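Reader: I would like to learn how to read the helix packing, the domains and the ligand surroundings in a model of this kind. Could we take them one after another?

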Amino acid sequence: MENPFVYGQSVLGDAFTDRRREIDYLFHELQSSARIFLISPRRYGKSSLLQVVKQKLVQDGLLVAYVDLYKIASMNQFADAYASAILNAADTKIERAIKAVLEMLVRLRPKIAIESTGVASVTLDYSFQSKETWQELEEVYQLPERIARKKGTRFVVMLDEFQEASIIGGDVLEKQLRAVVQTHTEVSYVFAGSKRHLLYEMVHDEKRPFYRMGEIFNLGKIPESEMADFVLDRFSRTGYKVELSTVEQIINKMRNIPYNVQLLCHRLWAQTRDRKVITDEDVALAIRSLVYTYEAIFGELWDNLTVYQKRLLRAIALSKGRNLFSSEVIVRYGLETSSSVSKGLSLLQKKNLIERHDDHYEFNDIFFERWILERG
Ligand SMILES: Nc1ncnc2c1ncn2[C@@H]1O[C@H](COP(=O)(O)OP(=O)(O)OP(=O)(O)O)[C@@H](O)[C@H]1O
Ligand SMILES: [Mg+2]
């Protein structure tokens, strides 16, 4: 029997729970001209949500392209990936889509290959050496609007991990995209990402091209009761016995972060396969074994931090990220001054180790936090 808990990839179908309100909101907003910044801390389920919304929009007859910027390292790759995503979304008949794209991108002499999976990929004959040649990319960014007009169907473009745009193409890529995007009437855009401070900066800083380009949609957690039902159902469906209070403990200890809950349940399910009963002790054991799994990664991460950063991380773990600027915490953990704390916090955020929540700071990886606490 297959493990019913899935993590580390986008989840769809019955591996995906709840989010009804969010799906509804995105689905309706994207039917008309919209630009939405979908933001949450890591592993809350943005990419999965986008896949589910994409499916629903496609069923409704819209054209939807999804591009993940995380895997992209250069402008060339970005342009190819963008054109490929648009091409694959443009028509149910790939031949017709290819014909349209070839006509619209003549100057960039695209080469199109169809993989065995039926997915087409575009390679542009292009060298992005100077700013002038980069301007030819406008043709690529115009594709969705031109196709949407030609077909009389709305296009939706989803750019996941959008904060990477400035790493891939600096200010130039952002500027180019903005210039084109703001003229589009037939295309809706979703810009999604987990580096919240980078995305907020993008939208709120008036010097940045994406200033006020769209509205921010903060994705929160899945309600605890929904998550508990989901977990209970998956265990019981596969013949496992577990008390509601144990499930609540799982959710609680994993801070109800969808990825963590699925990860821990996956481990628990595998660990108790022969007896199919899950107790509170099993939960504690599984958490310990997960921390142990990541020991090597955490060790290396730790070794690459400065003494001050280590001190600050310990302080965050021990004080649950609260009152870090109070003189009591500063003295207790040797954090020097409040301006050192402030600098340290912003560095740790840049390193993606912690995130600021309303009134406190949290580790992005709760297993790293546990590892630090266990080291004493
Ligand atoms: N609605 C959901 N129902 C059940 N599990 C979910 C749901 N959303 C996310 N998950 C769990 O969380 C994991 C991470 O989800 P996903 O990759 O969509 O998050 P993300 O916010 O895009 O993460 P990242 O910040 O790493 O890009 C999934 O593999 C799955 O285990
Ligand atoms: Mg994601």
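**Helix pairs, domains and a ligand shell**

Author: In α3, residues A83, L87 and A90 meet A97, I98, A100 and V101 of α4, where two residues are in contact if their C-beta atoms, placed from the backbone, lie within 7 Å. That contact divides into 7 nonpolar, no polar and no charged residues, with Ala, Val, Leu, Ile, Met, Phe, Trp, Tyr, Cys and Pro counted as nonpolar, Asp, Glu, Lys and Arg as charged, and the others, Gly among them, as polar. The model is predicted, and local features need pLDDT of at least 70, side-chain atom pairs count only at pLDDT 80 or more, and totals for chains, interfaces and linings use all residues. Residues are numbered from 1 along each chain as its sequence is written, while chains are lettered from A and ligands numbered from 1 in the order in which they are written.

Reader: At what angle do helix α3 and helix α4 pack?

Author: Two packed helices are described by the angle between their axes and the distance between the axes. Helices (H or I, at least four residues) and strands (E, at least two) are DSSP runs, numbered from the N terminus; axes are lines fitted to C-alpha atoms, for helices over the stretch in contact, and angles run from 0 to 180 degrees between N-to-C directions. Here α3 (residues 75-90) and α4 (residues 94-104) pack at about 135°, with their axes 8 Å apart. This makes α3 oblique to α4, given that angles under 35 degrees count as roughly parallel, over 145 as roughly antiparallel, 65 to 115 as roughly perpendicular and the rest as oblique. The crossing of α3 and α4 is right-handed, a crossing being left-handed if the near helix is turned anticlockwise from the far one by less than a right angle, and right-handed if clockwise.

Reader: Which residues of α1 and α2 meet?

Author: E22, I23, L26 and F27 of α1 meet L49, V52, V53, K56 and L57 of α2, a contact with 7 nonpolar, no polar and 2 charged residues. The axes of α1 (residues 20-29) and α2 come within 10 Å and cross at roughly 50°, which makes α1 oblique to α2.

Reader: How are α14 and α17 oriented to each other?

Author: Helix α14 (residues 307-319) and helix α17 (residues 366-375) pack at about 100°, with their axes 10 Å apart, and they are therefore roughly perpendicular to each other. L313, R314 and A317 of α14 make the contact with E369, I372 and L373 of α17.

Reader: Which domains does the assignment give?

Author: The domain assignment, whose bounds come from an automatic or database source, gives domain 1 (19-218), domain 2 (224-293) and domain 3 (307-375). The C-alpha centres of domain 1 and domain 3 lie 36 Å apart, and their contact takes 5 residues from domain 1 and 4 residues from domain 3.

Reader: Why does ligand 1 lie between two domains?

Author: Domain 1 and domain 2 both give residues to the shell around ligand 1, so the ligand lies between them. Of the 23 residues around ligand 1, G45, S47, S48, P258 and Q262 come nearest, where a residue is near a molecule or strand if its C-beta atom, placed from the backbone, lies within 6 Å of it. The elements giving two or more residues to this shell are α2 (46-59) and α11 (258-271). By class, the shell has 8 nonpolar, 10 polar and 5 charged residues.
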